[in-house]
Amino acid sequence: TRKAFSILARTQPLGRKHKKDGFDVCCNSACCQVYQGLKRMGEENNDIVDSTRGMICTFEGSPITVLYHGSNGGASCSSVAAWGGDEVPYLKSVFLDEEGESDLWELSFTKEEFAEYIASRSKITGLSGDALSMTVLEKDPYGSDYITVLSLTDDEGNYIELRNSEFIRSACGFKSGNFTVEYSTDMPVVTADGSVKTQRVTGMLTADGFKPFSGFDDVYATADGKTVVAPDRITIKGIGSGHGVGFAALGSEKLANDGYSHKYILEFFFEGTKLSKLY
C-alpha cells in the first residue's frame with residue numbers, strides 16, 4: 001500500500017491543480033496532500049519511496065488526476081456521481097469485497113432533532129417547517145450506492161433537491177455520500193407466541209406486503225382502526241469516509257494483505273492506467 005501511495009504522491013503535483021495560484025500542490029489539507037511532517041520519515045518509509053523512484057501513474061501517456069479517500073464501502077464512487085461533469089474513464093466505480101471496507105457509521109434523530117440539525121447546515125436553505133423528511137431519489141449511475149439526488153421536504157410544503165454525492169455529503173455533514181435513510185416508531189407487535197410487545201418498526205404490513213415508512217408524514221391506521229401509526233425517528237446508516245472516488249486506503253490494505261502488488265492495486269482503483277517512468 002505504501003508503495004502505491006508513494007507513486008500517487010509523486011503523481012499528484014504533476015496535475016498542476018494550483019497552477020493559477022503559482023504553485024503545484026498544497027500540503028496542509030485534504031485538498032492535495034496531507035503532509036504530516038518529517039516525523040513520518042524513517043529508514044523503512046524512505047526505502048519504500050526509493051523503490052518506486054521516478055514512477056508515476058498515467059492514463060494514455062498523461063499523469064492522472066489523483067483522488068483518494070479513507071474507505072468506500074466496497075464500491076468506489078464515480079467522479080460523475082461525486083461532482084457531476086464529464087466522465088473520467090479511470091474514475092468510474094470499481095468493486096471490492098466489503099470485507100475490506102468496514103467503516104460503518106450511523107446518525108439517529110427524533111423528528112424535532114432532525115429539523116434542528118438540518119437548520120444548522122449552512123449549505124441547506126429554503127426549508128422552514130418543523131418536520132423534515134429526507135428521501136433518496138437517485139444513486140451513482142455506475143453502480144455504487146453513493147447518492148446523487150437527495151430531496152428534503154418540510155411540513156409547510158417547501159421542497160429542495162441536493163445533487164452530486166460530494167455536495168450531499170458536505171451539505172448534510174455526513175461521513176460519506178453512501179448511506180440509507182430509515183424512518184421508525186415504537187408500536188405494539190404480536191410475537192410468534194401470541195404475546196404483544198412494543199417494538200421499534202420501520203414500516204407497516206399492508207395488503208400489498210410490508211411497506212417501509214417514507215417520511216414523517218407517512219401515517220397509517222392499525223388493523224383495528226383505533227391507533228394511528230406515524231414514524232417519529234429518522235436514522236441515517238452509512239458506510240465509508242470521504243468522497244469515495246479513486247484510491248481507497250482500507251481497500252488497498254485488503255488487496256495488499258491478499259498478496260496483490262502495488263502495480264495491481266493502482267490499476268485496480270484507476271482502471272485503464274499504467275505505471276510510467278518520469279525519469
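**Cores and a sheet in a predicted model**

Reader: Which residues have the most contacts inside the largest nonpolar core?

Author: The structure is a predicted model. Its largest nonpolar core holds 29 residues. Those with the most contacts inside this core are Phe-114, Met-134, Leu-162 and Phe-179.

Reader: Which element gives the most to this core?

Author: The elements that give two or more residues to the core include β4 (104–110), β8 (179–190) and β14 (233–239). Helix α4 is also one of them. With four residues, the element that gives the most is α4.

Reader: How many residues are in the other core?

Author: Another core lies apart from the largest one. Among its residues are Met-55, Cys-77, Ala-248 and Leu-255. The number of residues in this core is 28.

Reader: Which strands stand at the edges of the open sheet of three strands, and why is one side of each left without a neighbour?

Author: The strand order in this open sheet is β5-β6-β7, with antiparallel pairing. One side of each edge strand has no neighbour in the sheet because each has a single partner strand; these edge strands are β5 (132–139) and β7 (159–163).

Reader: What angle does the direction of helix α4 make with that of β5?

Author: From one strand to the next, the twist of the sheet averages 20°. Helix α4 (residues 111–119) packs on this sheet and touches β5 and β6. The angle between the directions of α4 and β5 is about 65°.

Conventions: Residues are numbered from 1 along each chain as its sequence is written. This is a predicted model: local features need pLDDT of at least 70, side-chain atom pairs count only at pLDDT 80 or more; totals for chains, interfaces and linings use all residues. Side-chain values use heavy atoms; hydrogens and water are left out. Two strands pair if DSSP finds at least two bridges between them. Axes are lines fitted to C-alpha atoms, for helices over the stretch in contact, and angles run from 0 to 180 degrees between N-to-C directions. Contact means heavy atoms within 4.5 Å. A nonpolar core is a set of buried Ala, Val, Leu, Ile, Met, Phe, Trp, Tyr and Cys residues joined through side-chain atoms within 4.5 Å. Buried means under 20% relative accessible area, exposed over 50%, partly exposed in between (1.4 Å probe, protein chains only).
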